[in-house]
Amino acid sequence: MDSLNPTRRIAVYPGSFDPVTLGHMDIIRRAAKQFDKLIVAVLNNTSKNPLFTVEERKALLASATADLPNVEIDSFRDLLVRYMRTRNANVIIRGIRSVSDFEYELQMASTNHQLDSSIETIFMMTNPKYSYLSSSIVKEIAMFHGDVGELVPPEVEAALRAKFAAAPRADKRS
Ligand code: PNS
């Protein structure tokens, strides 16, 4: 850290993380190297219908990032920029997988900049290996008892198996 600037560089990686994927994990690992502290912040959004509760999502993230000492897991139920002020953070990290992500991300970054111009959004390109990957795709595969072992951390794979254990397999349906 710059010794003339004792301010810690704190970034927030916000998202739904329902559930965290290896694409998210790639961004978390890389972003954690660039900041003194990275807060992975799960949006507690009552209007969505998530598969995992906020507490479950936080627990899965905490387990998957246990080897990263400067990563903290938190949740928020507020405007992101307002939450960030409470955490003394001024950088938002977002991953971009493809051109199709860009429009939505630009809209969010511009909105956040309008709300608080002291906050910067930094985009990181998702590892091309995971450019097709999303939490929705993972849930769909898991729902039909497909193999998600290459797509999510092991604890998430186990949690998905448990969630869908009671659901009938697609190939067993009449
Ligand atoms: O993983 P997601 O669902 O794409 O993440 C979206 C998220 C959580 C980053 C975004 O919805 C958000 O920041 N919501 C908080 C409310 C807010 O600040 N909205 C104004 C900026 S768009």
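## Close-up views of a predicted model

**View A. Lys48 in the loop between β2 and α2.** Lys48 is found in the loop that runs between β2 (37-43) and α2, in a model that is predicted. With a relative accessible area of 52%, Lys48 counts as exposed, because the cut-off for that class is over 50%. Lys48 and Ser16 stand 32 residues apart along the chain, and their C-alpha atoms are separated by 9.6 Å.

**View B. The largest pocket and its lining.** The largest pocket holds about 990 Å³ of space. At least two lining residues come from each of β1 (10-15), α1 (22-34), β4 (91-96), α4 (99-115), β5 (120-125) and α5 (135-143), and the greatest contribution is that of α4, which gives 8 residues. Divided by class, the lining of the largest pocket has 17 nonpolar, 15 polar and 9 charged residues.

**View C. The loop between β1 and α1, with Phe17 and Pro19.** Both Phe17 and Pro19 lie in the loop that links β1 to α1. The phi angle of Phe17 is near 45 degrees, which is a positive value in a residue other than glycine. The relative accessible area of Phe17 is 3%, and Phe17 is therefore classed as buried, since that class takes in values under 20%.

**View D. Asp101 and His113 in helix α4.** Helix α4 contains Asp101 and also His113. Asp101 counts as buried, at 12% relative accessibility, whereas His113 is partly exposed, with a relative accessible area of 41%. When residues up to four places away in sequence are not counted, Asp101 touches Gly95 and Ile96. For His113, a C-alpha to C-alpha distance of 25 Å is found to Gly23, and these two residues are 90 residues apart in sequence.

**View E. The packing of helix α2 against helix α6.** The axes of helix α2 (residues 54-64) and helix α6 (residues 154-163) come within 9 Å of each other and cross at roughly 150 degrees. Angles over 145 degrees count as roughly antiparallel, and α2 and α6 are therefore roughly antiparallel to each other. On the side of α2 the residues in contact are Glu56, Leu60, Ser63 and Ala64, and these meet Glu155, Val156, Ala159 and Lys163 in α6. By class, the contact of α2 with α6 has 4 nonpolar, 1 polar and 3 charged residues.

**View F. His145 in the loop between α5 and α6.** His145 has its place in the loop between α5 and α6, and its phi angle is near 60 degrees, a positive value in a residue other than glycine. The relative accessible area of His145 is 32%, so His145 is described as partly exposed, the class between the 20% and 50% cut-offs.

Note on methods: Residues numbered from 1 in each chain as written. Predicted model: local features only at pLDDT ≥ 70, side-chain atom pairs only at ≥ 80, totals over all residues. Heavy atoms only, no water. Axes fitted to C-alpha atoms, helices over the stretch in contact; angles between N-to-C directions. Helix = DSSP H or I, 4+ residues; strand = E, 2+ residues; numbered from the N terminus. Parallel < 35°, antiparallel > 145°, perpendicular 65-115°, else oblique. Contact = heavy atoms within 4.5 Å. Nonpolar A, V, L, I, M, F, W, Y, C, P; charged D, E, K, R; others polar. 1 Å grid on protein atoms, 1.4 Å probe; cavity = no way out; pocket = protein on both sides within 12 Å on 5 of 7 lines; lining within 4 Å. Points joined across faces, edges and corners; volume = space filled by probe spheres on them. Buried < 20%, exposed > 50% of the residue type's maximum accessible area, 1.4 Å probe, protein only.
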